[in-house]
Amino acid sequence: MVVVTGREPDSRRPDGAMSSSDAEDDFLEPATPTATQAGHALPLLPQEFPEVVPLNIGGAHFTTRLSTLRRYEDTMLAAMFSGRHYIPTDAEGRYFIDRDGTHFGDVLNFLRSGDLPPRERVRAVYKEAQYYAIGPLLEQLENMQPLKGEKVRQAFLGLMPYYKDHLERIVEIARLRAVQRKARFAKLKVCVFKEEMPITPYECPLLNSLRFERSESDGQLFEHHCEVDVSFGPWEAVADVYDLLHCLVTDLSAQGLIVDHQCIGVCDKHLINHYYCKRPIYEFKITWWVTEKTVLAVQVSAHQVQPLLCPIPWYGLWSQVLQLPETSSRRVKEDSSQGEKEAGEMETH
């Protein structure tokens with residue numbers, strides 16, 4: 001009698017060792033399930049695209065040639081439409097990309113004919129070029145304003161130690177003070193100085209030099225911290241104090257804050273003998289929210305009141321202080337008080 005079993009004959013060699021085919025079978029990885037096995041109605045790769053491609057970018061519809069999307073090989077669009085990746089379609093058969101399509105037309109125009117966006121859209125298109133990894137577009141946008149100017153500004157701020165940390169400190173102090181006072185705004189003092197040792201003897205200011213040699217012990221006598229909330233400086237660059245103040249206002253305003261500042265004098269702290277600190281001190285007013293009437297009053301007041309410049313030490317010498325004539329000064333004060341009065345009446349009504 002012959003007994004037939006379901007087992008296949010053992011292919012092991014008499015010595016108990018496995019054959020090469022058995023070893024390979026033991027190390028084979030499980031097969032990746034196909035779209036049908038996984039229960040998804042996804043087409044099998046590679047995906048084929050028509051010559052004219054309809055697109056749905058976050059609800060905005062575009063139509064372009066496949067060669068346009070593949071113009072630059074090292075871009076996300078070229079990779080997406082290479083056939084190696086699956087792209088879903090909407091109900092009308094348009095290939096869908098889950099991205100805001102407001103500025104995708106500018107991206108397509110560059111891929112088609114190299115056209116660049118107008119200045120007011122440069123920043124927004126730059127973000128889209130980053131997302132789609134379009135290197136040639138990024139390079140050209142970086143050489144346009146305002147991105148080109150921003151690169152110069154960041155190079156200047158790179159010389160400023162702890163600029164971002166101090167900027168965050170201004171916001172945090174202003175927030176805490178506004179919360180404690182239950183007020184719409186908060187004020188804080190900021191020292192901004194460019195020179196390494198901004199000190200001036202009262203007796204002979206024109207003969208003082210910030211570059212003259214001092215011993216190490218003498219240098220320690222002049223080191224001090226002004227009584228302010230935040231201090232910026234020193235730095236070595238052509239850009240002066242007013243350039244840094246502009247950077248502060250720009251970066252704070254970019255966070256949605258309303259910023260006003262004015263010079264309220266100098267530190268004037270006695271250091272040694274006849275030497276006093278002459279670092280300029282600025283009062284920053286951070287407003288957290290305003291009404292429309294207040295915004296209108298601030299705009300009217302800004303056109304009426306002219307800012308006074310604060311004297312800034314420059315290489316040890318006092319810069320020329322611009323002073324208004326007595327009649328002009330009186331007129332500025334009257335206009336300022338009138339503007340505040342009008343603002344108060346507007347808020348009352």
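User: Which residues are buried in α4?

Analyst: This is a predicted model, in which local features need pLDDT of at least 70 and side-chain atom pairs count only at pLDDT 80 or more, while totals for chains, interfaces and linings use all residues. Residues are numbered from 1 along each chain as its sequence is written, and side-chain values use heavy atoms, with hydrogens and water left out.

The buried residues of α4 are Phe104, Gly105, Asp106, Val107, Leu108, Phe110 and Leu111. Buried means under 20% relative accessible area, exposed means over 50%, and partly exposed lies in between (1.4 Å probe, protein chains only). Helices (H or I, at least four residues) and strands (E, at least two) are DSSP runs, numbered from the N terminus. Because seven of the 10 residues of α4 are buried, the helix is largely enclosed by the rest of the structure.

Contact here means heavy atoms within 4.5 Å.

The two strands belong to an open sheet of three strands, ordered β2-β1-β3, with mixed pairing. Two strands pair if DSSP finds at least two bridges between them. β2 (60-65) and β3 (95-97) are the edge strands, each with a single partner strand, so one side of each has no neighbour in the sheet. On average, neighbouring strands of this sheet are turned by 30° against each other, direction ignored. Axes are lines fitted to C-alpha atoms, for helices over the stretch in contact, and angles run from 0 to 180 degrees between N-to-C directions.

As background, strands of a sheet pair through backbone hydrogen bonds, either parallel or antiparallel. Here β1 (residues 52-57) and β2 run antiparallel and are joined by six bridges. Within that pair, Leu55 has Phe62 in β2 as its bridge partner. Helix α4 (residues 104-113) packs on this sheet, where it touches β1 and β2. The direction of α4 makes about 10° with that of β2.

After the helix comes Gly114, whose phi is positive, near 80°.
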